[in-house]
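Q: I have a two-part question for you today: how do I read the features of a structure, and what do they look like in a real case? Could we go through one together?

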Amino acid sequence: MSANEKLQSLVEPERYELNRAPSYSFELDRREFFKLLGAGVLVVSVLKDAHAFQESGAGRPRMEPLPKEIGVWLHIGENDLVTVYTGKVEVGQNIRSSLTQAVAEELKVPIEKIQLVMGDTKLTPFDMGTFGSRTTPTMNLQLRKVSAAARDLLIGLAAKHWQVDRQRLVASEGKITDSQSQHSIEYAALVKGQQLTETIPEVDPLVPATEWTVQGKSLPKVDGRDFVTGKHRYPYDQKLPDMLHGKILRPPSFGATLAALDTKAAEKIPGVVVVHDGNFVGVAAPSGEVASRALAAIKAEWKSDPQISNQELFEYLKKNEIGGEDPTGYPRQHEQGSVEKALSSADHRIEQSYTVNYIAHVPLEPRAALAQWSGDEVTVWTGTQRPFGVRKELAEAFRLSEGKVRVLMPDTGSAYGGKHTGETAMEAARLARAAKLPVKVTWTREEEFAWAYFRPAGVIDITGGLAKDGTIVAWDFHNYNSGAAGIQTFYDIPNQRILFHPTRSPLRQGSYRGLAATANHFARECFMDELAHSVNMGPLEFRLKNLKNDRLRAVFEAAAKKFGWGQKKPAGRGFGIGGGFEKGGNVATSVEVSVDRTTGEVRILRVVTAFECGAVVNPDNLHNQIEGANIMGLGGALFEAIQFQNGRILNGRLSEYRVPRFSDVPVIESVILDRKDLPSAGAGETPMLGLAPAIGNAIFDASGVRLRTLPLVPGGLKIS
Amino acid sequence: MSRIQLNVNGNIHSADADNDTTLLSVLRDQLDLTGTKYGCGEGQCGACTVLIDGKSQRSCVTRAGTVVGRQITTIEGLAKGDRLHPMQQAFLDEQAMQCAYCTPGMIMSAVSLLNKKPNPSVTEIADFMEGNVCRCGTHPRIVAAIQRAAKAVKEAGL
C-alpha cells in the first residue's frame, strides 16, 4: 500500500456520520416489491444480494486502489474533446478548474477542449469521497499521471504513423508535431475515437512545478458563465417529466418513535401517494404545495424520551466517555517522556479547560435528491460528497446490488463536510418506488438544520509545564468528543500525553470543514498565549522559541511580517496570532480586534493569513479559499452555536442562527508561500485553523479578558 | 387555484396560483426558471432575489398573486443575448464565487443597488447586501465586483 493509499484509507474517528448506520432501514412492502420486480426468479437474486450486503459490512467506507487503465480516466473523442472521469465532486472548492489544469498541463491540450465528468457512479472510477483535502494530493496527481501516460502514448502513435523516431516529436495544443518536417496531427486523428486501453507506467516523470505552464496559474472557474447566468442546474434544480415532489413527516424530537398514525385524510387528496415504512413516513404529490398540504393532513402521535439541553452539554460530555477500541483503528493516544515527572519539577504549571459548541454547516443549498426507477434499477441525482457511499446506502436499503444503483452529483451548492450522507437520496428513492414516478425531495432550511449533522461539540483540558526561560517541558492534552484531527502538538515538547476521549453525543454529529483541528488548534494556540503570558514573553517570540519546524516557522514569520506584528496600537485594540499544521498545509493567522469597553462589542478589523501548501496549483483560487475559510471561520469563532433542548433545535432557521454577513467581514489579506519543491497539498480546510485562536488571543490583548469557549462572543464580549 | 398572468423577463406567462403560492415556486416549478434559488424560505438569505420593477425583492416571501402586472426580472433575464450584464461580467472578472449558489441572488440585489445608487461606497454596499448570505465567504470579492460593475456601467453610459 502506497503512502497515498494509506492516507486515503485513514478515516478519522470524528467522521461519526460514516460510522453510523444509514438513517433508514426500509421494510419494503412486499406487494409493491413484487409489482416492481415481477417474476419469482428475481427473489433468488434479491436473497443473494441481501447476503452480499451482510458480508460487505454496514455503511463503512472502503478502499480500492486507483485503476491503472488510462481509458478509465480519460477519453479522446473524435470531436477532439477530451473527457476526463473522476469520482471527486465539485462543491465550490473549484476542483473542476484545478483538475482541468492538471490534465491540460500534462496532456498538452487547451483548457476549453477538456470536460470533466465528476461523481457519476456509472461513469467514473470508484472514489471514497471528496473530503479530507485529498483532491489535490491524490486526484490532481493521478490525473497528471494519466495525462502524461496518454501523451506518451499519442507520441508513440504519431511516431508509428509517420514512421519516424519519437524523439523528434513534440506534443502541444492537442497535436503532435514533428520538429523536423513540421507536420502536425491532431490527437483525435491518431486515436480515432478508440478507448485507450494501455495502463499508466510505474515510473513516468511529470512536468516539475518549476516548469508548469498551466498549473501554477490563476485559471478562472471553467464554467463560470453558467453560474452568473443561472443556467447551471444544482441538485435542487433537477427535473424530469411527470416528476412528483416529496415531503417527509418529521418527528417532533430526535429519536421519537411513532405511537399512532392516521394517513387517511392525506391519501384522499388527489394525486397524493403516502408511504409508511418502518420509521419512514412520506408523501409525494404533483406540486410542493400539495405535498405540504398532504403532510399537514397526516395525524401522528409520537413517543419520546427526555433529552439534555445545551446548558448541560459540557458536563454531559465529560461524564459520558465511551471506552474500548475505536472502530476506525485511529491512534487515540500519543505519549512520550513522562508528563507527571516533568509537571512536578516544572517552574510554572498551568491548567485550563476550553469548550466548543455544536455548529451547523448551513450549506446555502439544502440537501436535495431526484430519484427515478426503471424496473429494479434506480438513478438518483443528489448533492453528496460521497456518491459511491450513497450508492452503497441505497443498495443496502433497497436490497439491490450496487450495479443496479446509479448516483450522479451535479455541481452542488456547497457542503463543507456536511453532505457525506444520503438522506434525501433514500427518501426520494423510497417515495419514487411507491409512486412509480420520479420524485424529488428538497429539504427546507429548517430540515437541513434539524436532520443533517453538526460539527461535534467538545471539551479540551490542557495542563502545561514551563521552565523559567519559557521552554515548554510538559504537555497534557485531553479532547472529549470533538475529535482527534490536529490533536498533536507541533511544538517541541519532551514530555507529552495527548488523548482523544470519544463520548456519547446528545446530537447527531459528523464531519465539518477542518474536522476537530479547529477545536484542537483553538485550545492549543490559546493555551500557548496563556503560557507565554505566565513568563512575560510575547506570543510570537514564545512560539518561535518552542518550534523547530521550518515550514511552520516560515508561515508564522510571514504572517507577522505582513501584519506588522509588534507595531504600536491605539487603546482598545488587540493583536493575536495563531497557527498550525494539518492535511499537508501550514497556516498562521494574525488578527487585529477592537473591543468597546462600555458596550462590550468586539469588532474584527483585520485578518492576515500566511499559508503554505507546497506547489500552488491555482493562486487566485487559493486566495479565494483562504479568504472564504476565514470568513466562514468567523461564524464559529464569534457567534455560531446550536441551541437545543429535549431533542429539539431551538434556533434552527436563518432568522435565529446567525451566520457571517457583509458587515462582519474585516479586511482580509492572504500571503501564499509557494513551495515549488514540495508536492501540492489541499487547501480547502487548513486555512481556517488559525483564526479562532488568533481572535481569542487578540481579545485578551485588547481587554485582558480570556475567553475559552467557541463561539467567543455570542452576545458581544462580556467583561467580568 | 386560479390562473394568473405574470410578466417575467419581458414575456407574459400563465401560472396557477393559490393565495399562498410563492413567486419563487411559480418561477422554479411552473416556468422552469431555476436560476432563482431557495435558501431559507423566510427572506433571510437573499438566494431567491428577483427584481420587481427594477427593485430587489425576496421571491420566497412574495405571493405570486401580488406581482401581477409588474415587471419581474430573474437572473435568466439579465443578459442581452450573449452579452452579459456588467454585473454578471464583474462577478466573473473578480471570481466572486465559489459554489455560486448565492450568485444569482447576489447579482440581482447588486443590480438593484446600482439602480438606486450608481456609485455606492463600500459601507453602502455592505449595508445593502447584508441580507444576502454567502456561506463560502466570497464577500470581499462580491464588494469588489459591485464596485467594478458600477464603474463599467458609468463608463458605458448605461
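A: Happy to. Let's begin with an interface inside one chain: across the interface of domain 2 of chain A and domain 3 of chain A, the rule finds zero salt bridges. The rule does find eight residue pairs in polar contact there, both residues at pLDDT 80 or more. Keep in mind that this is a predicted model.

Q: Which helices of domain 2 of chain A touch domain 3 of chain A?

A: α5 (95-107) and α6 (135-162) of chain A each supply at least two residues of that side of domain 2. The largest share, three residues, comes from α6(A).

Q: How do I put a size on such an interface?

A: The size of an interface is often given as the accessible area lost when the parts come together. Here, domain 2 of chain A and domain 3 of chain A bury about 1300 Å² between them, with 51% of it on carbon and sulfur atoms. A:Ser133, A:Thr136 and A:Ser218 supply 32% of the area that domain 2 of chain A buries against domain 3 of chain A, more than any other three residues. In terms of contacts, 18 residues of domain 2 of chain A meet 16 residues of domain 3 of chain A. The C-alpha centres of these two domains lie 39 Å apart.

Q: How is chain B divided, and how many salt bridges are counted between its domains?

A: Chain B is divided into domain 1 (2-76) and domain 2 (86-156). The count of salt bridges between domain 1 of chain B and domain 2 of chain B is zero, while the count of residue pairs in polar contact is seven, both residues at pLDDT 80 or more. On the side of domain 1 of chain B that touches domain 2 of chain B, the elements that give two or more residues are β3 (49-52) and β4 (55-58) of chain B.

Q: And what area do domain 1 of chain B and domain 2 of chain B bury between them?

A: About 1200 Å², 57% of it on carbon and sulfur atoms. In domain 1 of chain B, the residues that lose the most area to domain 2 of chain B are B:Lys37, B:Leu51 and B:Ile75, together 36% of what that side buries. The centres of the two domains, taken over C-alpha atoms, are separated by 21 Å.

Q: Now for the two chains. How many salt bridges does the rule find across the interface of chain B and chain A?

A: It finds nine salt bridges across the interface of chain B and chain A. In one salt bridge, the side chains of A:Arg233 and B:Asp32 meet at 2.9 Å, N to O. The rule also finds 34 residue pairs in polar contact across the interface of chain B and chain A, both residues at pLDDT 80 or more. On the side of chain B that touches chain A, α1, α2, α3, α4 and α5 of chain B each supply at least two residues, and α5(B) gives the most, with five residues.

Q: What about the area that chain B and chain A bury?

A: Chain B and chain A bury about 4300 Å² between them, 51% of it on carbon and sulfur atoms. B:Gln98, B:Tyr101 and B:Arg135 supply 20% of the area that chain B buries against chain A, more than any other three residues. As for contacts, 50 residues of chain B are in contact with 54 residues of chain A.

Q: How should I read a nonpolar core?

A: In soluble globular proteins, nonpolar side chains tend to be buried together. In this model the largest nonpolar core has 73 residues, and those with the most contacts inside it are A:Ile642, B:Met87, B:Phe91, B:Ile142 and B:Ile146. The elements that give two or more residues to this core include α19 (619-638) of chain A and α5 (139-156) of chain B. The most comes from α3(B), with seven residues.

Q: Which residues is B:Phe91 in contact with, leaving aside its neighbours within four places in sequence?

A: Among them are A:Val228, B:Met106, B:Ile107 and B:Ile142. There is also a second, separate core of 66 residues, which includes A:Phe477, A:Ala484, A:Met528 and A:Leu540.

Q: Last one: is A:Ser670 buried or exposed?

A: A:Ser670 counts as buried because its relative accessibility is 14%, under the 20% cut-off. A:Ser670 lies in strand β26 (residues 667-672) of chain A, and a polar contact of 2.6 Å joins the side chains of A:Ser670 and A:His623. By contrast, B:Asn19 counts as exposed, at 71% relative accessibility; B:Asn19 has its place in the loop between β2 (11-17) and α1 (23-30) of chain B.

Conventions
Residues numbered from 1 in each chain as written. Chains lettered and ligands numbered in written order. Predicted model: local features only at pLDDT ≥ 70, side-chain atom pairs only at ≥ 80, totals over all residues. Heavy atoms only, no water. Core = buried A, V, L, I, M, F, W, Y, C linked by side-chain atoms within 4.5 Å. Buried < 20%, exposed > 50% of the residue type's maximum accessible area, 1.4 Å probe, protein only. Helix = DSSP H or I, 4+ residues; strand = E, 2+ residues; numbered from the N terminus. Contact = heavy atoms within 4.5 Å. Domains from an automatic or database assignment. Buried area = accessible area lost by both parts, 1.4 Å probe. Salt bridge = Lys/Arg side-chain N within 4 Å of Asp/Glu carboxyl O. Polar contact = N/O pair within 3.5 Å; in protein donor to acceptor, adjacent residues only side chain to side chain.
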